[in-house]
Amino acid sequence: MEGSWYLREMCRDLRPILQKFESPIIHEIGSYEGESAEIFAQEFPFATIICIDPWKSGYDDLDDTSHHDFNHVFKNFLSRINYLKNVDFSPTDYKDYCSF
């Protein structure tokens with residue numbers, strides 16, 4: 001949770017902007033174990049958070065994180081977001097999810 005204070009501060013700065021929209025949707029690309037998704041959901045309870053991540057290992061040879069046990073990582077993600085009503089997820093690569 002190192003650095004989560006910084007994300008919470010950024011969310012507080014963004015809140016007045018997001019509150020101007022009816023039913024805002026935040027797409028989080030790369031959710032890993034869900035720490036930031038949990039923070040977004042807590043800080044923006046009026047928004048829907050959609051987490052997009054393939055949760056598959058080996059996606060980047062230069063990134064040590066991509067070689068973790070993603071069954072374990074995904075279980076941690078589900079455990080972290082389980083109680084949140086405004087979080088949904090798509091276990092896919094962002095390139096397959098987004099149409100750009």
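Guide: Welcome! A helix here is a DSSP run of H or I with at least four residues, numbered from the N terminus. The model you see above is predicted.

Visitor: In which helix is the place of tryptophan 5?
Guide: Helices are counted from the N terminus. The one that covers residues 4-18, and with them tryptophan 5, is helix α1.

Visitor: Does tryptophan 5 count as buried or exposed, and at what relative accessibility?
Guide: The cut-off for exposed is over 50% relative accessible area. Tryptophan 5 passes it and therefore counts as exposed, its relative accessibility being 59%.

Visitor: Which residues make the nonpolar surface patch of about 380 Å²?
Guide: Patch members need over 30% relative accessible area and no salt bridge. Tryptophan 5 is exposed at 59%. The patch of about 380 Å² is made by Trp5, Tyr6 and Met10.

Visitor: In what order do the elements of the protein chain run from the N terminus on?
Guide: The protein chain has four helices and three strands. Read from the N terminus, its elements follow the order α-β-α-β-α-β-α.

Visitor: What is the radius of gyration of the protein chain?
Guide: For 100 residues the globule rule gives 13 Å, and the value for this chain is close to that, so the chain is as compact as a globular protein of that length. The C-alpha trace spans about 40 × 35 × 25 Å along its principal axes. The radius of gyration itself is 14 Å.

Visitor: What share of the contacts with a separation of 6 or more comes from residues 24 or more positions apart?
Guide: A contact here means heavy atoms within 4.5 Å. Among contacts with a separation of 6 or more, the share from residues 24 or more positions apart is 62%.

Visitor: How many disulfides does the structure hold?
Guide: A disulfide needs two cysteine sulfur atoms within 2.5 Å. The sulfur of cysteine 11 has its closest cysteine sulfur in cysteine 51, 13 Å away, which is too far for a bond. Cysteine 11 is buried at 1% relative accessible area, and cysteine 51 is buried at 0%. The number of disulfides is zero.

Visitor: With which residue does arginine 12 form a salt bridge?
Guide: Side chains of opposite charge can pair when their charged atoms come close. The closest N and O atoms of this pair are 3.2 Å apart, and both residues lie in helix α1, three residues apart, about one turn of the helix. Arginine 12 is partly exposed at 38%, and its partner is glutamate 9.

Visitor: Which parts does the salt bridge of arginine 8 and glutamate 43 tie together?
Guide: The side chains of arginine 8 and glutamate 43 meet at 2.8 Å, N to O. Arginine 8 is partly exposed at 23%, whereas glutamate 43 is buried at 7%. The two residues are 35 positions apart in sequence, so the bridge ties together helix α1 and helix α2.

Visitor: Which residues do salt bridges that share partners join into one network?
Guide: The whole structure has five salt bridges. One of them joins arginine 15 to glutamate 43, with the closest N and O atoms 2.5 Å apart. That pair links distant parts of the chain, 28 residues apart. Through shared partners, the network holds Arg8, Glu9, Arg12, Arg15 and Glu43.

Key: Residues numbered from 1 in each chain as written. Predicted model: local features only at pLDDT ≥ 70, side-chain atom pairs only at ≥ 80, totals over all residues. Heavy atoms only, no water. Patch = residues over 30% accessible without salt bridge, like charges linked within 9 Å, V, L, I, M, F, W, Y side chains within 5 Å. Areas by Shrake-Rupley, 256 points an atom, 1.4 Å probe, with all protein chains shown as cover. Salt bridge = Lys/Arg side-chain N within 4 Å of Asp/Glu carboxyl O. Buried < 20%, exposed > 50% of the residue type's maximum accessible area, 1.4 Å probe, protein only. Rg over C-alpha atoms; globule rule 2.2 N^0.38 Å.
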